[in-house]
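Have the structure open beside you as you read.

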Amino acid sequence: MADLNFSLLKWQQEVSKDNTRFKVIAAGRRCGKSRLSAVTLLIEGINCPEGSSVMYVAPTLGQARTIIWDLLMELGRPIIKSAHINNLEITLINGRKILVRGADNPDSLRGVSLTYLVMDECAFIKAEIWEKVLRAALSDKKGRAMFISTPSGRNHFYDWYQLGQSGSDDEWKSWHSTTADNETIDPKEIEAAKRT
């Protein structure tokens with residue numbers, strides 16, 4: 001088996017090491033959301049039981065391809081057996097698949113058994129995609145999910161974040177990360193952006 005040794009930022013390490021079933025991350029621009037998503041998808045995919053898959057969902061199929069495809073291909077090179085860009089499916093060396101989908105076609109999300117799910121920019125995905133389609137895909141394997149987004153008002157993502165903060169449900173936990181939490185970005189750049 002290939003050695004997966006991904007470097008992660010401090011906040012990414014904290015989220016990655018936590019064993020909570022449903023993780024909610026409210027994160028600023030350029031703080032490392034996509035990299036964390038790709039790393040967790042690859043790790044979960046290589047540890048995925050037979051008969052199951054992992055899935056990445058963005059608001060649209062075009063966004064999903066733009067945000068995650070090249071990053072998955074780059075980071076996953078040692079463990080990717082094959083990849084089909086037309087249907088956005090990656091087969092790993094263990095035979096398990098990483099499915100890349102857009103929430104703009106809910107039917108493409110049905111009929112799969114998932115052990116792990118990433119909903120990226122989920123503040124911009126209708127709540128019923130999770131509630132009526134994807135939640136059920138995790139049920140038989142008691143799969144886990146990461147909901148990650150830049151906030152967009154007080155919608156379902158805000159509610160999920162608050163649930164994770166409240167501690168009232170031990171299956172949910174949430175984190176907040178800003179652009180400044182990305183140690184690779186020069187603090188002077190952040191200050192310059194604030195001024196303008």
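The report below starts with a helix, moves on to ring pairs and ends with the cores. Please keep in mind that this is a predicted model.

**Helix α4**

Let us begin with α4, which covers residues 127-139. With 13 residues at 1.5 Å a residue, this helix should span 18 Å, and its end C-alpha atoms lie 17 Å apart, which agrees. The helix has a kink of about 35 degrees, centred on Val133.

Val133 is also one of the buried residues of α4, together with Ala127, Ile129, Trp130, Leu134, Ala137 and Leu138. An α-helix has 3.6 residues a turn, so residues three or four places apart point the same way. What do the buried residues of α4 pack against? Their partners are the strands β1 (22-27), β2 (53-58), β6 (114-120), β7 (144-149) and β8 (172-177), along with helix α5 (156-166).

**Aromatic pairs**

Across the whole structure, a search finds nine aromatic pairs.

| Pair | Centre to centre | Angle between planes | Arrangement |
|---|---|---|---|
| Phe22 and Trp130 | 5.6 Å | 80 degrees | edge-to-face |
| Phe22 and Phe147 | 6.4 Å | 50 degrees | tilted |

The pair of Phe22 and Trp130 counts as edge-to-face because its planes stand at 80 degrees, where the cut-off is over 60. This pair links distant parts of the chain, with Phe22 in strand β1 and Trp130 in helix α4, 108 residues apart.

**Nonpolar cores**

Now for the cores. The largest nonpolar core has 30 residues, and those with the most contacts inside it are Tyr56, Leu72, Leu92, Val100 and Met146. Elements giving two or more residues to this core are β1, α2 (33-46), β2, α3 (61-75), β4 (89-92), β5 (97-102), β6 and β7.

Leaving aside residues up to four places away in sequence, Tyr56 touches Ser37, Leu41, Ala64, Ile67, Ile68, Leu99, Val100, Arg101, Val118 and Asp120.

Conventions. Residues are numbered from 1 along each chain as its sequence is written. This is a predicted model: local features need pLDDT of at least 70, side-chain atom pairs count only at pLDDT 80 or more; totals for chains, interfaces and linings use all residues. Side-chain values use heavy atoms; hydrogens and water are left out. Helices (H or I, at least four residues) and strands (E, at least two) are DSSP runs, numbered from the N terminus. The expected span of a helix is 1.5 Å times one less than its number of residues. The bend at a residue is the angle between axes fitted to the seven residues ending there and the seven starting there. Buried means under 20% relative accessible area, exposed over 50%, partly exposed in between (1.4 Å probe, protein chains only). Contact means heavy atoms within 4.5 Å. Rings of Phe, Tyr and Trp (its six-membered ring) pair if their centres lie within 6.5 Å; planes under 30 degrees apart count as stacked, over 60 as edge-to-face and the rest as tilted. A nonpolar core is a set of buried Ala, Val, Leu, Ile, Met, Phe, Trp, Tyr and Cys residues joined through side-chain atoms within 4.5 Å.
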